[in-house]
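Thanks for sending this one over.

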Amino acid sequence: MWSFQVALAALVVFLAAAPARGHHSTAPYDLIHGTVVNGSVTKFDWENPHAHIYLDVTGEENAVEHWIIELESPAHLRRLGWTKDTVKSGDRITVTGGRAKNGSFNLRGVYVELRDGRKLLGLPAPDP
C-alpha cells in the first residue's frame, strides 16, 4: 500500500510540473521597447527548443555586430508560416523584437521581414 501511495504522489508531482517543463521565459528580453536590426543571415538553426538566426549587422563606425535572433520552436514556427528553408545564409532581413536586457547582441524576434516584403511572426500572437 505504501509503494502505491509513493507512486501516486510521484505521478501527481510529474503531471503538475509537465506544463512548466516546456516553457522558456522571455524575461531576459526587453519586449516593451522594440529593437530593429537589419543585416545578412550567416546561419539559420531550425532546432528545438528554439530556432535561431545568426545575423551580421553593420553597427556604429561600420563595425560588424554578430547578432543571435531567438525564435519559437520549429513546431510553433510551422504554424506561423515558416519552413526550415524560409531564411537562408546570405539573405538580407529585418528583425523587430526585444533586445537582451544585458545589452548583448541577442534579440527575441517578434517579426522577421524577408527580402520579398513578407513579415512573419517569430512569437505566437498573444491570447485575446
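Which side chain does glutamate 70 meet in a salt bridge?

1. Arginine 108 is the partner, at 3.5 Å from N to O. A salt bridge here is a side-chain nitrogen of Lys or Arg within 4 Å of a carboxyl oxygen of Asp or Glu. The two residues sit 38 apart in the chain, glutamate 70 in strand 3 (residues 64–70) and arginine 108 in strand 5 (residues 106–113). Helices (H or I, at least four residues) and strands (E, at least two) are DSSP runs, numbered from the N terminus.

2. A word on the source: this is a predicted model, where local features need pLDDT of at least 70 and side-chain atom pairs count only at pLDDT 80 or more, while totals for chains, interfaces and linings use all residues. Residues are numbered from 1 along each chain as its sequence is written, and side-chain values use heavy atoms, leaving out hydrogens and water.

3. Buried means under 20% relative accessible area, exposed over 50%, and partly exposed in between (1.4 Å probe, protein chains only).

4. The salt-bridge count is 5. Aspartate 116 pairs with arginine 118 at 3.0 Å, N to O; aspartate 116 is exposed at 54%, and arginine 118 is partly exposed at 41%. Shared partners also tie Glu70, Glu72 and Arg108 into one network.

5. Another of the pairs is aspartate 45 with lysine 43, whose closest N and O atoms are 3.8 Å apart. Aspartate 45 is buried at 14%, whereas lysine 43 is partly exposed at 42%.

6. Have a look at tryptophan 82. Leaving aside residues up to four places away in sequence, its contacts (heavy atoms within 4.5 Å) include Phe44, Trp46, Ile53, Leu71 and Val112.

7. Overall, the protein chain has 2 helices and 6 strands, in the order α-β-β-β-α-β-β-β. Of its 128 residues, 30% count as buried.
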